[in-house]
Amino acid sequence: MKSYGKHALWAQFCLFLPMTAQAAELQLTSPSGIFSVYQADELLSHPQARDIVVANDGGYGQDMTYRAVPLVSLIGDANSVDDQTGLEVIALDGFVANIPVPLIIREGDEHAQAWLAIEPEDAPWPNLPGKDVSAGPFSVVWVNAAASHIRSEQWPYQVSKIGYAEFPPARWPQLALADGAPDNAKQGQTIFIDQCFACHRMNGAGITELGPNLNLPMNPVDYFKPEALVMLIRDPASVRHWPDMQMHGFTTDQLSDAEIRDVIAYLQAMAGRKAE
Ligand code: HEC
């Protein structure tokens, strides 16, 4: 591992070096701003590395065995952050998961445990279903996921950077609903942040680069018939289909019918609150 102090100028330069396809390197920033770079080999031989079995892995949709390190042992003093701060996990394709810190630090069998799985160079993982790449070089996976209701988009794979950031509603005021917004829109906002915000910016908020902004310039409720929008969220290919489409559907376990209605209530509410 290489660590750089918060103010090391040349570490800043490293951040902007282009990522080459074969660079199995993980960039980590601690709560106090210490920036470290790990190579896959170092993580595979980390003192806390273990072989773990992950039931119903979020990326592969099946049980998987990994060499992995407990995430909490890599991310500095996670207990030192305030309750408005979350873990920001960025993937090579521009997917950005915001994971609440309590999910990562709670211990014991009654909670899920987050692990960083590392793809060994000499034993590559299989390709992801429907893709021509694996989940490597690094993937955030959960043991006992059901115990903490880990959501389908809280399994970021092809991870390249992990750091801390203010949780989205605190970081971007333009995500907020009007005072007195209906409860289903409020629930929809929470679901949106867990299940959609990793790939979609909203009203100018967010840093993901995968999918379109879902409020600017237009909100999907402005141009989709309501029933078509429900179908698109459940199963995008049932509305339109092309080889490079990237949005997957959601099973009813991943997003119930009521949750889809809540997300649409949030979109509806945001359509009237477009940022300048
Ligand atoms: C894994 C990334 C990903 C996730 C998660 C995701 N989307 Fe998408 N979505 C995309 C991408 C990329 C597109 C552009 C079309 C494509 O490539 O499939 C898209 C397209 C859309 C569209 C069509 C927009 C248009 O005008 O064509 C809507 C509506 C939409 N997503 C809503 C949602 C909602 C609501 C959620 C959360 C419940 C969500 N998406 C979750 C990646 C994602």
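Q: Which residues of helix 5 are buried?
A: In this predicted model, local features need pLDDT of at least 70 and side-chain atom pairs count only at pLDDT 80 or more, while totals for chains, interfaces and linings use all residues. Residues are numbered from 1 along each chain as its sequence is written, and side-chain values use heavy atoms, with hydrogens and water left out. Helices (H or I, at least four residues) and strands (E, at least two) are DSSP runs numbered from the N terminus; buried means under 20% relative accessible area, exposed over 50%, and partly exposed in between (1.4 Å probe, protein chains only). In helix 5, the buried residues are Ala-185, Gly-188, Gln-189, Ile-191, Phe-192, Ile-193, Asp-194 and Gln-195.

Q: Which helices are included in what covers the buried residues of helix 5?
A: Contact is defined as heavy atoms within 4.5 Å. By that criterion, the cover includes helix 4 (168-171) and helix 8 (257-271).

Q: Which residues touch the most other members of the largest nonpolar core?
A: A nonpolar core is a set of buried Ala, Val, Leu, Ile, Met, Phe, Trp, Tyr and Cys residues joined through side-chain atoms within 4.5 Å. The largest such core has 47 residues. Its members touching the most others are Tyr-66, Leu-116, Trp-142 and Ile-162.

Q: Which are the edge strands of the open sheet of four strands?
A: Strands pair if DSSP finds at least two bridges between them. In this sheet the order is 4-5-8-9, with antiparallel pairing. The strands that pair on one side only are strand 4 (50-54) and strand 9 (138-143).

Q: What is the bridge partner of Val-54 in strand 5?
A: Strand 4 and strand 5 (residues 64-70) pair in the antiparallel sense over five bridges. Within strand 5, Val-54 has as its bridge partner Met-64.

Q: Is Asn-56 buried or exposed?
A: Asn-56 lies in the loop between strand 4 and strand 5, and its phi is near 50°, a positive value in a residue other than glycine. Because its relative accessibility is 54%, Asn-56 counts as exposed.

Q: What is omega for the cis peptide bond joining Gly-136 and Pro-137?
A: Pro-137 is located in the loop between strand 8 and strand 9. For the cis bond that joins Gly-136 to Pro-137, omega is about 5°.
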